[in-house]
Amino acid sequence: MYDQNSMDTYTENAKKQMIIKIIDIIIVTIAFFFILYVFVMNQDFILKTIIGLMLVILAIVYGSVKYEARDKNYDVTNKKIRKLVLLNDRGAEIDEWEIDDQTSLLIGKNSADNKADIDLSGTEYESLINYEHAVLNNVSGVWYIEDIDSVNGVGIKKAHKRVKNRIQHESPYPIGNGDTIYIANTRILVK
């Protein structure tokens, strides 16, 4: 049985996507006629050069904004994460941590002054991992990872993607089942 709220949300999202597509079509149509006027009907070389450069810059900005918006359209349908699994270079499971009832976890290395919830001491790339490297936070049932200004960074490879992306410092990034977290070169599978 479908929930009425989820159906309303789906319909609302579909309407928003349709409006965005219509706006994109209008922008492309206006740009086409503008380019036709400037480059076919106009004979001024300087105007053609300036408008050409502006169009290239606008195309790059527009493409990057569209790509960024699409990249930030996170899929958080797999909200229930039960554990994190440490993998070696061959993909074999080395260690695991149950995180069902947790709200916040520090990823790093244990020291006399610091206790990491996800302790990566003794891993192959231990020297590349900060004592306080990253933090995982559970907000309303969705887990987010955040890089705590680490030297070697934090990367995410989404379950349905092939490319690993480095996340920005102090910018929470949602994670889901099947994602792989890279703490420096150390891989942690989200299950």
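Let's start with Ile35. Is this residue buried or exposed, or something in between? At 36% relative accessibility, Ile35 counts as partly exposed. Buried would need under 20%, and exposed would need over 50%. Keep in mind that this is a predicted model.

Ile35 lies in helix H1. Which residues does Ile35 contact, leaving aside its neighbours within four places in sequence? Two names here: Val40 and Leu55. Now look at Ile51. Ile35 and Ile51 are 16 residues apart along the chain. Their C-alpha atoms are separated by 8.6 Å.

Stay with the helices for a moment. Helix H1 covers 4-41, and helix H2 covers 45-71. Asn42 sits in the loop between them. Is Asn42 buried or exposed? Asn42 counts as buried, because its relative accessibility is 13%, and the cut-off for buried is under 20%. The side chain of Asn42 reaches the backbone nitrogen of Asp44, at 3.0 Å. Asn42 is also in contact with Tyr37, Leu47 and Lys48, once neighbours within four places in sequence are set aside.

Next, the rings. How many aromatic pairs does a search of the whole structure find? The answer is 1. Phe32 and Phe33 form that pair, and the geometry is edge-to-face. The ring centres are 5.4 Å apart, with 70 degrees between the planes. Both Phe32 and Phe33 are exposed.

Two tyrosines have a lysine over the ring face. Lys109 lies over the face of Tyr131, at 4.8 Å from the ring centre. Lys164 does this with Tyr182, at 4.4 Å from the ring centre.

Now the strands. Find the open sheet of 6 strands. Read the order across: S2-S1-S11-S10-S7-S8, with antiparallel pairing. Which strands stand at the edges? Strand S2, 93-98, and strand S8, 165-166. Each has a single partner strand, so one side of each is left without a neighbour in the sheet.

Strand S7, residues 154-157, runs antiparallel to strand S10, residues 180-183. They are joined by 4 bridges. For one example, take Lys157: its bridge partner in S10 is Thr180.

Over to S3, S5 and S6. S3 and S5 run antiparallel, with 5 bridges between them. Ser104 stands opposite Asn137 in S5. S5 also runs antiparallel to S6, and here there are 6 bridges. Asn138 faces Trp143 in S6. S5 and S6 form a hairpin, with 2 residues between them. Ser140 is in that turn, and its phi is positive, about 55 degrees.

Last stop: the core. In soluble globular proteins, nonpolar side chains tend to be buried together. Here, the largest nonpolar core has 24 residues. Which of them have the most contacts inside it? Leu120, Leu136, Ile145, Ile175, Ile181 and Ile183.

Pick out Ile183 on your screen. Not counting residues up to four places away in sequence, Ile183 touches Ile107, Leu120, Ile129, His133 and Ala134, as well as Ile145, Gly153, Val154 and Ile188.

Notes. Residues numbered from 1 in each chain as written. Predicted model: local features only at pLDDT ≥ 70, side-chain atom pairs only at ≥ 80, totals over all residues. Heavy atoms only, no water. Phe/Tyr/Trp six-rings, centres within 6.5 Å; stacked < 30°, edge-to-face > 60°. Buried < 20%, exposed > 50% of the residue type's maximum accessible area, 1.4 Å probe, protein only. Lys NZ or Arg CZ within 6 Å of the ring centre and 35° of its normal. Pairing = 2+ DSSP bridges. Polar contact = N/O pair within 3.5 Å; in protein donor to acceptor, adjacent residues only side chain to side chain. Contact = heavy atoms within 4.5 Å. Core = buried A, V, L, I, M, F, W, Y, C linked by side-chain atoms within 4.5 Å.
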